[in-house]
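Let's take a walk through this model, helix by helix. Have the sequence and the 3D view side by side as you read.

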Amino acid sequence: AMSLDSRYTTMIENAYYMIAPPDSPQEAKKERPPLHQYIRKLLYTDLNKTNTEKILRQIRKLDWENPDVAAYAIKCLKKVWNQKYFNIRYTASLLAGLVQYQPGIEVDIIDAVLEEVRLGMESLNHKTNQRRTAMVRFLGEMYNYRLVDSSLIFKVLYSLITFGVVLDPEFAVTSLDPPEHTVRLRLVCVLL
């Protein structure tokens, strides 16, 4: 019955809505075709050390002549941040085995990885740090499986170290390389 200050009224309402949130419509879950669900299950859930060869056989059995199926499989192979970090090496192994039967797909995937690394250097969004780390790890694992050569790795390392760095002492701090931003240092360590 007493009139409260507006700050207190807001605090009481916030506490109430934390306990009993208002009804809001839930987002509709994206419905995927069964083949897309199967590809995602193979790559993101089932892939591990013990069944890489089995999953390679299953991926090879896909209809690679169908452009929709091939595009979706390549799209899922590009998005290594959707799987567990330690399974990225098995994706690189899977890709190395798949290249023998589907030549040319490695170019598309390597190009997407390099583009993602470059975009990660240009943006300082902290929400994408894990995504960038996964892509750099995937690039390093592709080098281990001889899908990329050492000159490309050295170019990426050089760009990670020097991108946005200004050597002029008057302009020591840039928006692309602030001193408190150490993600690129972490990416160099992951790639090494």
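How do the axes of helix 8 and helix 9 come together, and at what angle do they cross? They come within 9 Å, crossing at roughly 160°. Helix 8 is therefore roughly antiparallel to helix 9 (angles over 145 degrees count as roughly antiparallel, under 35 as roughly parallel, 65 to 115 as roughly perpendicular, and the rest as oblique). The axes here are lines fitted to C-alpha atoms, for helices over the stretch in contact, and the angles run from 0 to 180 degrees between N-to-C directions.

A word on where this comes from: this is a predicted model, in which local features need pLDDT of at least 70 and side-chain atom pairs count only at pLDDT 80 or more, while totals for chains, interfaces and linings use all residues. Residues are numbered from 1 along each chain as its sequence is written, and side-chain values use heavy atoms, with hydrogens and water left out. Helices are DSSP runs (H or I, at least four residues), numbered from the N terminus.

Back to that pair. Helix 8 brings Ile153, Val156, Leu157, Leu160 and Ile161 to the contact, and helix 9 brings Arg184, Leu187, Val188 and Leu191 (contact means heavy atoms within 4.5 Å). By class, that's eight nonpolar residues, no polar and one charged; Ala, Val, Leu, Ile, Met, Phe, Trp, Tyr, Cys and Pro count as nonpolar, Asp, Glu, Lys and Arg as charged, and the others, Gly among them, as polar.

Now look at helix 9 (residues 183–191) by itself. Val183, Arg184, Leu187, Val188 and Leu191 are buried (under 20% relative accessible area, with exposed over 50% and partly exposed in between, using a 1.4 Å probe and protein chains only). Because they cover an arc of only 145° around the axis, they sit on the same side of helix 9; the arc is that of the directions from the helix axis to the C-beta atoms. Turned away from that buried side is a face with the exposed Leu185 and Cys189. The cover over the buried residues includes helix 6, helix 7 (129–144) and helix 8 (150–162).

Helix 6 (residues 105–122) has another partner to show you: its axis and that of helix 4 (residues 67–78) come within 10 Å and cross at roughly 40°. That makes helix 4 oblique to helix 6. Ile74, Leu77 and Lys78 in helix 4 meet Ile105, Asp108, Ile109 and Ala112 in helix 6.

Last stop: the loop between helix 7 and helix 8, where you'll find Arg146. Arg146 isn't a glycine, yet has a positive phi of about 60°. Arg146 counts as exposed because its relative accessibility is 76%.

Technical notes. Helices (H or I, at least four residues) and strands (E, at least two) are DSSP runs, numbered from the N terminus.
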